[in-house]
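Could you walk me through this structure?

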Amino acid sequence: MKTANAFATEHTVATVCPLDCPDSCSLDVTVQNGRVTTIDGSHSNPVTGGYICAKVRRFPERVYGPDRLLYPAVRKGPKGLASFARVSWDEAFATIVGRLRDARQRWGGESILPYSYGGSNGLLTQDTSDATLFRRLGASRLGRTVCAAPTGAANMAMYGKMPSVAYEDFPEAKAIVLWGANPSTSGIHLVPYIRDAQRRGARLIVIDPRTTPLARQADIHLAVRPGTDLPVALAIHRYLFEEGHADTSFLAAHTRGAWQLRERARPWTFERTAAEAGIAADDLRAAAQTYAAASPALIRCGWGQERNRNGGNASLAILALPASAGKFGVRGGGYTMSNSASWGITRDWIGTEEPATRVVNMNHLGRALLDEHDPPVTVLFVYNNNAAVTSPHQRKILKGLEREDLFTVVFEQVMTDTARYADVLLPATTFLEGYEIARGYGPISLQLGRPVVEAAGEARSNAELFGELLQRLDLRGDEDPSGELEEMLDVLARLPDAIGRGLRDRGTATPPHGGRPIQFHDVWPLTPDRKANLFPADLDAEAPAGLYAYQPDPGTPAFPLALISPASDRTISSTLAELPRPDVHLLMHPDDAAARGLADGDAVRVFNALGEVRCHLSVGAWIRTGTVSLPKGLWRRHTANGYTANALVPDTLTDLGGGACFNDARVQVEKIAD
Ligand SMILES: Nc1nc2c(c(=O)[nH]1)N[C@H]1C(S)=C(S)[C@@H](COP(=O)(O)OP(=O)(O)OC[C@H]3O[C@@H](n4cnc5c(=O)[nH]c(N)nc54)[C@H](O)[C@@H]3O)O[C@H]1N2
Ligand SMILES: Nc1nc2c(c(=O)[nH]1)N[C@H]1C(S)=C(S)[C@@H](COP(=O)(O)OP(=O)(O)OC[C@H]3O[C@@H](n4cnc5c(=O)[nH]c(N)nc54)[C@H](O)[C@@H]3O)O[C@H]1N2
Ligand code: SF4
Ligand SMILES: [Mo]
């Protein structure tokens with residue numbers, strides 16, 4: 001009897017992981033008595049092959065954990081201390097609606113700043129009814145630049161974001177360059193395809209200041225100094241052009257601007273570049289020769305190289321390599337970048353045209369809260385984001401969030417560091433409790449996520465929250481969908497026919513070209529003349545020193561170490577950071593440790609003019625000299641003094657795209673008493 005009962009109440013639901021990870025795993029979720037018990041990979045997305053990462057296996061601990069937000073609440077104590085009192089949704093709505101109306105009346109709509117980023121990275125939970133609401137309020141617009149802004153600007157200007165090489169085609173390549181990408185952590189399903197290529201004789205080149213797992217298995221590892229990728233890529237162009245390896249017929253037929261690129265590459269000899277990047281000239285030459293000689297040859301361009309003052313130009317120069325070298329037109333040749341634009345989705349479901357209100361670069365949140373007066377930001381509405389720990393210049397942001405005259409709404413799943421500063425805190429559903437359309441940005445995939453269990457407590461979906469706010473502010477249009485299910489159906493109906501039908505009927509859409517397009521064969525640059533623009537003139541005007549012009553680090557003797565903060569296998573950005581984890585360490589090379597009298601396990605302070613982080617030290621040769629590393633995505637509870645890497649990250653912007661300079665911090669490290 002008992003067994004029969006248990007059987008009757010256990011079932012498995014097929015859905016998809018929409019977190020901000022390139023892979024977009026299809027999932028089988030087991031539910032027992034209305035609660036999620038296990039999350040496993042399924043085979044419906046063939047690329048993710050039935051296995052998932054350890055992080056998302058632990059997602060039930062998040063759904064039912066002590067940090068989960070279950071009810072609306074209002075602040076009771078000082079900002080930042082997370083002292084809240086439960087209120088009804090009605091009370092919460094009344095307060096928010098009153099404050100939004102008041103802000104609009106006194107200061108104008110631009111005094112309202114919506115602040116959001118990846119969250120659940122799908123099509124439904126962002127840029128749907130939320131965008132309709134903030135557009136109709138005439139709120140400030142947000143420049144969503146915290147990630148992929150420089151690479152996005154480069155890929156758009158050069159290739160119009162044409163679809164790029166799929167994971168499945170990596171085994172065809174005879175040379176693979178992993179440039180500023182660490183798939184062993186940040187997109188694990190690419191790894192077996194790379195290993196397969198290696199077994200079939202491919203040479204692997206890794207360009208990364210750290211000895212990542214794949215760098216250890218590479219034929220050539222260029223452990224460059226952070227921020228020096230631009231000269232490194234230009235030196236390879238120079239070799240191609242000056243030593244007769246450029247594909248002049250491809251360049252003439254399919255590109256513009258090649259000679260200007262050649263001019264800018266000319267000064268970057270292997271010797272000069274190697275000195276700047278802190279690598280051996282022979283290794284750089286070997287990398288250039290290997291890449292030039294191999295066919296097919298493939299570059300996986302990541303995001304590690306974009307997050308510094310030269311990041312936009314570096315990404316441009318990297319993306320231009322397959323054009324100069326004539327690597328396109330064959331399966332397994334070309335480049336892989338974000339594939340999020342591959343479906344040509346334009347989000348024409350947003351209910352209102354975008355108003356011409358002021359744009360706030362999200363990397364300048366601290367400045368927006370403290371230095372902006374025309375009008376000041378008086379209402380901050382945070383959702384799908386944890387800015388208190390994920391945006392640059394943490395101390396300035398926290399100071400801004402402390403402003404007594406700022407009204408902050410945070411709409412969240414768990415008690416994040418940002419949630420602790422809310423005036424009104426609203427509970428959000430997780431992807432296991434609602435619909436989502438998840439779009440892979442590694443593999444070209446689009447899958448429908450379904451509710452697996454009832455929402456915990458009184459949590460609501462984004463569609464429900466923003467729909468209700470539109471209603472209560474008298475901003476709802478007759479055409480607007482009402483509620484999450486209607487919003488999902490509305491989006492499905494507005495997607496191109498074949499895509500919407502696939503999602504409705506099978507839960508997955510069939511990508512063009514079987515999801516494995518060959519660049520310059522099946523897909524072409526989405527630029528006006530369908531050519532690759534190797535020297536986009538508008539970007540030449542935007543870049544501080546012009547296109548492909550390198551901005552060297554002038555050096556700050558007090559802070560000689562470059563700090564990077566790459567993705568870790570514990571979190572996706574800062575999502576899941578609430579779960580228990582081992583002690584956090586700063587990673588440092590043995591030579592740098594010795595020079596400072598530091599040893600493995602020491603308590604240290606990492607500091608610069610912006611702030612300080614106190615944690616323990618890990619000494620190892622898997623990072624280059626002159627560079628130290630802290631994990632991305634920490635919460636304040638993970639360090640001894642409550643600050644994370646972003647307390648040391650300046651809010652300067654990248655050369656192109658207004659991106660964040662997370663890997664451009666300069667610091668010093670010293671021992672402290674434990
Ligand atoms: N587990 C996990 N997966 C994730 C994420 C996560 O937080 N955790 N985040 C997701 C998101 S939002 C993104 S954008 C992607 C990011 O995906 P990736 O780009 O792969 O991730 P990162 O760790 O930011 O950077 C990759 C590598 O760049 C190196 N690097 C740092 N600075 C430089 C530099 O100046 N030049 C070069 N050549 N290399 C440099 C780092 O050492 C790191 O190994 O991953 C996604 N996947
Ligand atoms: N130092 C350093 N900092 C970095 C980076 C780095 O490399 N180094 N990388 C940067 C990168 S690549 C990125 S993409 C950013 C990401 O930064 P964020 O956008 O802040 O990403 P997360 O930390 O994942 O926070 C997303 C939050 O959204 C919530 N959420 C998820 N789904 C929903 C939903 O449906 N509704 C609502 N209301 N909330 C939801 C989650 O609970 C989570 O707390 O971080 C950046 N920060
Ligand atoms: S975070 Fe990435 S690897 Fe993990 S389950 Fe989600 S899509 Fe798969
Ligand atoms: Mo990102």
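Here is a tour of the cavities, the ligands, a pocket and some backbone details.

First, some ground rules: this is a predicted model, in which local features need pLDDT of at least 70, side-chain atom pairs count only at pLDDT 80 or more, and totals for chains, interfaces and linings use all residues. Residues are numbered from 1 along each chain as its sequence is written, chains are lettered from A and ligands numbered from 1 in the order in which they are written, and side-chain values use heavy atoms, with hydrogens and water left out.

Let's start with empty space. Rolling a probe the size of a water molecule over the atoms shows where such space is left. On a 1 Å grid over the protein atoms alone, a cavity is a set of points where a 1.4 Å probe fits but cannot get out, while a pocket is an open set with protein on both sides within 12 Å along at least five of seven lines; lining residues have an atom within 4 Å of a point. Grid points are joined across faces, edges and corners, and a volume is the space filled by probe spheres set on the points.

There are five cavities of 30 Å³ or more here. The largest cavity holds about 130 Å³ of space, and among its 16 lining residues, Cys17, Cys21, Cys25, Cys53 and Val56 lie nearest the centre. That lining splits into ten nonpolar, four polar and two charged residues (Ala, Val, Leu, Ile, Met, Phe, Trp, Tyr, Cys and Pro count as nonpolar, Asp, Glu, Lys and Arg as charged, and the others, Gly among them, as polar).

So what takes up the space of the largest cavity? It's ligand 3 (a molecule sits in a cavity if more than half of its atoms lie within 2 Å of its grid points). The residues around ligand 3 include Cys17, Cys21, Cys25 and Cys53, along with His189 and Ile572 (a residue is near a molecule if one of its heavy atoms lies within 4 Å of it). This shell has seven nonpolar, two polar and no charged residues.

Next up is ligand 1, with 35 residues around it, the closest being Ser186, Asp208, Arg210, Asp229 and Thr571. Its polar contacts (pairs of N or O atoms within 3.5 Å) include a nitrogen atom 2.6 Å from a polar backbone atom of Thr571 and a nitrogen atom 2.9 Å from a polar backbone atom of Ser568.

Arg210 and Ser568 turn up again in the second largest pocket, where they are among the residues closest to the centre. This pocket holds about 650 Å³ and has 23 lining residues: nine nonpolar, eight polar and six charged.

Ligand 2 has 29 residues around it, and Arg62, Glu412, Asn462, Ser574 and Thr575 come nearest. A polar side-chain atom of Asn462 is 2.7 Å from one of its nitrogen atoms, and a polar side-chain atom of Gln413 is 3.1 Å from an oxygen atom of ligand 2.

Finally, the backbone. Which way does the peptide bond from Ser295 to Pro296 go, cis or trans? It is cis, with omega near -5 degrees. The bond from Asp374 to Pro375 is cis too, with omega near -5 degrees. His393 has a positive phi, near 60 degrees, although it is a residue other than glycine.

Methods:
Polar contact = N/O pair within 3.5 Å; in protein donor to acceptor, adjacent residues only side chain to side chain.
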